[in-house]
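User: I am new to this structure and would like to learn how to read its features. Please take me through them one at a time.

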Amino acid sequence: MIGPEAGSDEEANRERGTDPESAASPLLEVEDLDVHYPITKGLLRREVGRVRAVDGVSFDIERGETFGLVGESGSGKTTAAHSVLGLEEPTGGEVRFDGQSVNELSGAALRAFRRRAQLVVQDPNEAFNPRLTMGEAVAEPLVLHGMEDADRRRAIVEDLLERVGLSAADADRYPHEFSGGEKQRLSIARALVLNPDLIVADEPTSALDGRVQSDVLALLDDVRREFNISILFISHDIDVVRRFCDRVAVMYLGEVVELGPIENVLEFPAHPYTRLLLGSVPSLDPTDQQFERPLTDTVPDPADPPSGCRFHTRCSEIVPPEDVELPWEQWRAVVAFRFTLQAGELPESIAVETADGKLDDATVRDRFDLPATLQDDAVDAGVDQAISAVIAGDLQTARDRLSETVPTVCEQRVPTATEHEAAHSVCCHRYDSTVEAEPRSWER
Amino acid sequence: MTTEHDSTTTADDRSEATPLLTVENLRTRIRTERETIYAVDGVNFTVDRGETVCLVGESGSGKSVTCESLTGIVPQPPAEIVDGTVEFDGRRLLEATESELRTIRGSRIAHVFQNPQSALDPVCTVGDQFVEAITIHEEISPAAARERAIERFRAVGIPRASARIDDYPHEFSGGQRQRIAIAIALAADPDLLIADEPTTAVDVTVQARLIELLQGLTDGGMSILCITHDLRVVAALADRVLVMFGGTIVERATTEQLLTQPSHPYTQALLDSYDGLSRRADRSARGEIPTDGCRFRAECPHAVDVCAGPDQPTFAAVADREHHAVSCVHFGPEGDPEPILDDWREMRPISGGQQ
């Protein structure tokens, strides 16, 4: 534990690379981070549940490294980034910056941290006060951190504006006089003005298009190299992450499912969710537009994530029970049937026909790609009963039948991170040596 | 000098059935206190039935103003449509009255916007908004309308659609709101969907479903005019592509032609930057875009004196290809396009194995 007094020491040796000890440890360490939000109900705001926005996330970032965090909306990547900056109080775990716990900082040490870790947000249009000139806006952090000398501030700002590809004269213009790309350059200038060690860039280019996006990324890359800044780069754009990041963590419903060097993770993805993400990006070849399909389309509610592996309800590679003998396509059809019923997202054709009492066995099988008989007798019997229950309108019985018939290790056990290759970890039962299932091959 | 009609596409389209939408010489100006912006400056294109046409270009290139001018939803003033004709299924839209346009919007031509908030009413449940969108144009029982709402919300990837239909827009995430806006735009089964960056705000797995959804709509005969800056979305959706710069179309091509042999220097620069690392470093030098001649000449490595106009360069076919034409003097009768085509060979071809 390092108290606030230690802050001034840290202040003294903040020159990057001069302290051998700090050079050895990662700049940022995130360990078992939890950010849970209570769901309250009624007048007394009784806690009835928790949204586990970030649940047990660990990663670290080296000095000068660009670390990507990818995932869909609701995966918790922005919440994780905000906790890194101390903008969001974690409910568990720890964030250490230069060896010190961020949540225990106060006073001078906290101010120092706020100077050393900066945020660049997605929408540059909302990042500036319309009544301040850009010079004032970029210099504002300097004022807040106690630089009194206006001439010096002005000199720093002018230098930075030129560095980000604008001119010194732009300091006297107002935000509305700039385009989106120029504003994003200005927010990078503002982030740089305090000479930070870490920039957290939350979708910094997704509000920009084409060549402007590429300009801003080139700028970020330049400043990173020039000042040896670490960047935590949050993005949903795989192309951008591939070009820009050294390592990447893939998040799903608050958890990191795969983490490793960029070329390993994006060229040879191991986790089925990473494979789904990559397989959902349209190819640049107009004649090749096959998308990877999840097992079911329903995205689970983060307030009530699935048990075991959180991805199992959508996972195309879900592990079959050891005693079930089915060809892969049949197994997939059966589990897809099961989890579609479980999510209550019945196809409209079936839901409508149930009301009329016209549904028959063949319609259900056809809709779910289930053959008339399945090769495994026990599964076949269970699916028969489930289909009868669906026809009778008794979905609960159908669900119960199926979960008895095709249980899976993926819903029963929480997978642990396994070192798949050097520095490449995967959180999936197929990579767990105690589970009898091999990783499936993958090809984009 | 100027040819207002694009000889390669228009002639070909006319030989078959009349296109659903024909836009000729569209010019829209935006007057501000200080200046007049030539937002759309002589744009010609067609959209066939069942066809998807993508408009690509960066912000400020006039893509959105072009699309908003078609049904008159561009705010006038400050904008003013000063010239051109827009013919949709035999009707001239620029001459139509506001009440005629109102009937066409929604039932025949639907818009989906970049920002779903602008399309959704914050004080109505999303289900009610969908039902309202259908019942304006169609006789349908409330129960059937509600059922269709659930089905469509599910189709665009809203989880627990049947339970969430009575929720308000603010109870959904940004991505989900966009999906709802698309579902509502499609409520009355329009002939033409004008989609302005429809998938920009959604996740890739949802985008894949939306692309499949949009592909399915054109199979059913609907036409789509889609604005996007994402070349992957273009590859997945478009039959033909129009590239805009500075209020003008600079290149038109089939999707495959565009991705394998981008021919206008601007298109080449755009494709070169798709992955966030452009090879050309002179980015900060972008200045004012000229309002005559070739709008790209100030940034173009191949600019010569005749690029200054005064008219936009005549469209010329690329390598005698059908459907592929550029507005560039080097492709004209006196020009030599080889240095420009060589440029692309030096950049990486992004569509594997075609070049």
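User: How many bridges join strand β4 of chain B to β5(B)?

Analyst: Strands (E, at least two residues) and helices (H or I, at least four) are DSSP runs, numbered from the N terminus. Two strands pair if DSSP finds at least two bridges between them. Here, β4 (residues 79-88) of chain B and β5(B) run antiparallel and are joined by two bridges. B:Glu87 has B:Arg92 in β5(B) as its bridge partner. This is a predicted model, in which local features need pLDDT of at least 70 and side-chain atom pairs count only at pLDDT 80 or more, while totals for chains, interfaces and linings use all residues. Residues are numbered from 1 along each chain as its sequence is written, with chains lettered from A and ligands numbered from 1 in the order in which they are written.

User: In what order do the four strands of the open sheet in chain B stand?

Analyst: The order is β2-β1-β4-β5, with antiparallel pairing. The edges are taken by β2 (36-47) and β5 (91-92) of chain B; each has a single partner strand, so one side of each lacks a neighbour in the sheet.

User: Which residues of α6(A) are buried?

Analyst: A residue is buried if 20 or more other C-beta atoms lie within 10 Å of its own, exposed if 12 or fewer, and partly exposed in between, with C-beta atoms placed from the backbone. In α6(A), the buried residues are A:Arg153, A:Ile156, A:Val157, A:Leu160 and A:Leu161. Viewed down the axis of α6(A), they fall within an arc of 135 degrees (taken from the directions from the helix axis to the C-beta atoms), so they line one face of the helix. The face turned away from this buried side carries the exposed residues A:Asp151, A:Arg152, A:Ala155 and A:Asp159.

User: Against what do the buried residues of α6(A) pack?

Analyst: They pack against α5 (134-144) and α7 (180-192) of chain A.

User: Where does A:Val193 lie, and is it buried or exposed?

Analyst: A:Val193 is in the loop between α7 and β7 (198-202) of chain A. A:Val193 is buried, as 23 other C-beta atoms lie within 10 Å. Two residues are in contact if their C-beta atoms, placed from the backbone, lie within 7 Å. Neighbours within four places in sequence aside, the contacts of A:Val193 include A:Ile156, A:Val157 and A:Leu160.

User: How far is A:Val193 from A:Arg115?

Analyst: Their C-alpha atoms are separated by 9.2 Å, although the two residues are 78 residues apart along the chain.
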